[in-house]
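Colleague: I'd like a close look at one part of this model, the surroundings of a ligand. Could you take me through it slowly and then show me what lies beyond?

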Amino acid sequence: MKLLVTGGAGFIASNYIRHVLHTYPDYQVINLDSLTYAGNLENLKDVEDSERYTFMKRDICDSHVADGLEFDAILNFAAESHVDRSILDAQPFLQTNIMGTYNLLEVARKRNCTFLHVSTDEVYGSIEDGFFNEESPLMPNSPYAASKASSDMLVRAYVETHKINAMITRCSNNYGPYQFPEKLIPLVILNAINSRPIPVYGDGMNVRDWIHVVDHCKAVDTVLHKGTSGRVYNIGSRNEQPNIDLIKKILSKTAEKLDLDENKLMGLINFVEDRKGHDRRYAINPLMIEKDLGWKPEMTFDEGIEKTIEWYTTNNQWWGRIISGEYIKYYNLQYGERLDT
Ligand code: NAD
Ligand code: TYD
C-alpha cells in the first residue's frame with residue numbers, strides 16, 4: 001500500500017510511520033506536515049533516507065494539499081493537540097482540526113480512497129463511573145475536544161452522504177518516545193531531570209487511561225487493514241490512574257534510574273490552580289476493537305514507562321533543543337506566575 005500520513009512529524013504519527021516502514025517491507029509512506037511548533041523532522045531521522053519514505057511540508061487546510069500525489073489511503077493524524085493551548089487560543093484548533101479534516105475528506109471523496117481519522121476519547125467528555133462505548137453521545141468540554149468532535153461528525157457525514165470508505169479511532173492518553181515536552185509525562189520526566197517545579201492541576205485526582213504510543217499505532221494499523229467503513233473504534237489499555245499517583249510513580253522510577261534523591265524529586269511537585277473545564281475522568285471501553293479486530297495492548301504500564309524514562313534520559317539532544325526554545329516560551333506563559341519556585 002501507499003499511505004498518505006498527515007502530521008507525521010508529530011508524536012504519534014512519527015511512531016506510526018516508523019512502525020509501518022519496519023512492519024511492511026513493500027509499503028510506501030508520504031508524510032505531509034506543516035511543521036508547527038509540535039512538528040519535528042528529527043522524530044524520523046532514522047528513516048528519512050528510506051526510499052519508501054517521502055516528506056512534504058504541506059498544510060492540510062490547503063485545498064491543493066494532495067496535488068500530484070498518488071496513494072491508497074489517507075491517515076489523518078495532523079491536529080492541534082494540546083488542551084491547554086486550546087484554552088489560550090482556540091482559533092488554530094478550529095482551523096486545522098475542522099477545516100483541515102474537511103479538506104482531506106474532499107480529497108478522499110474525489111480520489112475514492114480510504115480515510116482513517118485519528119480522534120480522541122476526549123470527544124465523549126468526562127465520566128464519573130463506568131465507561132464510554134462507541135455509541136456514547138459526544139459531550140466535549142474543551143475547545144480542543146469540541147474541534148475533534150466536529151471533525152468526527154464531518155467524517156460520519158461524508159460516509160453517509162458521499163459513501164466514502166472511512167473509519168474513526170478514539171484513543172486514550174498516549175505516552176512514549178518523541179512526545180512534545182509540554183504534555184504531562186515528558187514534562188514530569190524532564191522537569192525532574194532539570195530540577196524544575198512540576199505543576200499539578202487542582203487536587204491531582206483527575207484520572208486518565210494511559211496507553212503506550214506503539215500500542216496505539218498497532219491499533220490504528222489494525223483498523224486500517226481490518227476495520228469496517230463507518231465504524232468508530234475506541235482504543236484504550238484499561239490503565240487508569242489519578243494524575244498524582246502517576247506523577248509520583250514516574251518520579252520514583254526516575255530517581256531510581258538516575259540514582260537521584262527521591263525525596264528531592266517529590267519536592268518538585270507543585271499544586272497549581274486547576275485547568276479551566278478540567279475533565280475529571282476519561283474512561284473508554286475498547287471491547288469492540290478487541291473482539292471484532294483482535295487487537296490488544298501488548299505493553300504493561302510498568303514496562304512502557306520504564307522504557308519511556310530510559311528514552312528521555314538518553315535522548316537529551318532531542319529534547320534539549322526543544323526545551324530551549326518554544327517549550328520554555330510556553331511554559332513561562334502558562335506557569336510563570338503560578339509556580340511556587
Ligand atoms: P502532536 O501535536 O505531537 O503532532 C501534531 C502534528 O500535526 C505536528 O507534527 C504538527 O506539525 C502537525 N500539524 C498541525 N497542524 C497541521 C496542519 N494544518 N497541516 C499539517 N500538519 C499539521 O500530536 P499527537 O499527540 O501526535 O496527536 C496526533 C493525533 O492523535 C491528533 O489528531 C490527536 O488529536 C490524536 N490523539 C492524541 C492523543 C495523545 O495522547 N497525544 C490521544 C488520542 C488521540
Ligand atoms: P495532558 O497531557 O495535557 O492530556 P489531556 O489533558 O489531554 O488528558 O494532561 C494529562 C492530565 O494531566 C490532565 O488531567 C491535566 C494534567 N496536567 C497537570 O496536572 N499538569 C500539567 O502540567 C499538565 C500538562 C497536565
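How far is an oxygen atom of ligand 2 from an N or O atom in the side chain of Asn 243?

Modeller: The distance is 2.9 Å, between an oxygen atom of ligand 2 and an N or O atom of the Asn 243 side chain. That is a polar contact (a pair of N or O atoms within 3.5 Å; within protein, one must be able to donate a hydrogen and the other to accept it, and residues adjacent in sequence count only if both atoms are side-chain atoms).

Before we go on: this is a predicted model, where local features need pLDDT of at least 70 and side-chain atom pairs count only at pLDDT 80 or more, while totals for chains, interfaces and linings use all residues. Residues are numbered from 1 along each chain as its sequence is written, chains are lettered from A and ligands numbered from 1 in the order in which they are written, and side-chain values use heavy atoms, leaving out hydrogens and water.

To be counted here, a residue needs a heavy atom within 4 Å of the molecule.

Now for ligand 1. It has 29 residues around it, with Ile 12, Asp 33, Ser 81, Tyr 144 and Lys 148 coming nearest. A polar backbone atom of Gly 10 is 2.9 Å from an oxygen atom of ligand 1, and a backbone N or O atom of Val 118 lies 3.4 Å from a ligand 1 oxygen. On the nitrogen side, Asp 59 brings a polar side-chain atom to 2.9 Å from a nitrogen atom of ligand 1.

Ile 12 leads us to a helix contact. Together with Phe 11, Asn 15, Tyr 16, His 19 and Val 20 of α1, Ile 12 meets residues of α6, among them Val 213, His 216 and Leu 224. Contact here means heavy atoms within 4.5 Å.

Key:
Helix = DSSP H or I, 4+ residues; strand = E, 2+ residues; numbered from the N terminus.
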